[in-house]
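We will go from one stop to the next together.

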Amino acid sequence: MSQVTTQPNVDQIWDWLDAVPDPEIPVISLVDLGIIRDVAWEGGTLVVIVTPTYSGCPATSVIAMDIETALRDRGISDLKLKTQISPAWTTDWLSQKGRAKLEDYGIAPPQPAGGPDKCPHCGSKDVTRVSQFGSTPCKAHWRCQDCLEPFDYFKCI
Amino acid sequence: MTREDAFTQFLLQMGDNTLILGHRVSEWCGHAPVLEEDIALANTALDLIGQTQMWLGLAAEVQGDGKSADDLAFLRDAWDFRNVLLVEVPNEDFGRTLMRQFLFDAWHSIQLGRLMKSSDERVAAIAEKASKEVAYHLERSADTVVGLGDGTEESHRRMQEALDYLWPYAGEMFQSDEADAEMVKAGIAPDPASLREEYDTLVSRVLTEATLTIPESRFAHKGGRTGAMHTEHLGHLLTQMQWLQRAYPGAKW
């Protein structure tokens, strides 16, 4: 850990945050998830604005801790995290890179139609919903009728 | 009643509804009929508790006496709670739990839709966030009520019994008092009675599809949202929910 003497620019900080994985879906970063809304210097204080995915998501406090740790490790000691609930988080804020990584990982990315367009394992369009909820608040549980594998679908909200 | 008192009361009503229902629904964790339902109920409870943090957090802020959302949740006694009686009634079977959820979700979704236009930005922001989650809750509880109501002979019977039991608790959600009048005047929240028509339309559409009959009586159990009188069940619920903070004040982990 080193104390920085000059302020890193915000692009650099966005890059650092893009290297912090989501604690529950570690293949995507917090930036991919779209929950980092703004990064700005206010005088000597770095202010990071974070929006929660689901209001009761247990990962929220872990995420705040991970952001702090990542930035402190880069020498930023004067740091303030602000929670912003409006505008409410939407899956439209997932990055294209994030969507592709989700699919590679076996999680179908959100679709405006309200269900996955294809099985993330075999690509079949013949998929069926098992449950509206899944292993985390942001996912639902689906199954492929061709390869018979169950999979998570990232809910579209 | 001052505007500030009325505002606090309104925020407690919103937060206590989600807190008490969230706790009730969480009682199913590890006990639901199938794994998927267990997960769905736990996720619903989680959303409700998350919304509670926002409502009670704002209530504490408006009260301005240095309390936190946790203090309000864990250190108040039964008579200080402002939730409607509907959310504190015991779960009974899975059918009654889902019927209660549907009767609440239908009101909740309409209420949040109105609150998104609140003159208080903080209220509007919480409503915007919560309404996305509640739209999802309503979709699921309505589907399940239809599935079970229009299901087997036994599931139909149980859902009709659940509706007969719970219907007299629905009316309280639409009762207004002077605190509500104050909120309407300030443009913060709608008159509860003004939600009734939209509620009846939504609920009767779903219950008709579920082949269930809405009881004719408009009798309503009341006293929860004003704090006048809760059912005996709330105290029992609180002994469990508040046990840790009561036994070990200020405990953190």
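This is a predicted model: local features need pLDDT of at least 70, side-chain atom pairs count only at pLDDT 80 or more; totals for chains, interfaces and linings use all residues.

Residues count from 1 along each chain as written, chains are lettered from A and ligands numbered from 1 in written order, and side-chain values use heavy atoms, without hydrogens or water.

**Stop 1: the interface.** Show both chains: 24 residues of chain A and 22 residues of chain B are in contact (heavy atoms within 4.5 Å). Then pick A:Arg129 and B:Glu139, whose side chains form a salt bridge at 4.0 Å, N to O (a side-chain nitrogen of Lys or Arg within 4 Å of a carboxyl oxygen of Asp or Glu).

Stop 2: Select A:Ser124, which is buried at 10% relative accessible area (buried is under 20%, exposed over 50%, partly exposed in between, with a 1.4 Å probe and protein chains only). Its side chain reaches the backbone nitrogen of A:Asp126 at 3.0 Å. Leaving aside neighbours within four places in sequence, A:Ser124 also touches A:Lys118, A:Cys119, A:Cys144 and A:Asp146.

**Stop 3: the cores.** Select B:Phe10, B:Met99, B:Phe102 and B:Tyr199; of the 80 residues in the largest nonpolar core, these touch the most other members. Such a core joins buried Ala, Val, Leu, Ile, Met, Phe, Trp, Tyr and Cys residues through side-chain atoms within 4.5 Å. Finally, find a separate core of 30 residues, including A:Trp16 and A:Trp89.

Definitions and conventions:
A polar contact is a pair of N or O atoms within 3.5 Å; within protein, one must be able to donate a hydrogen and the other to accept it, and residues adjacent in sequence count only if both atoms are side-chain atoms.
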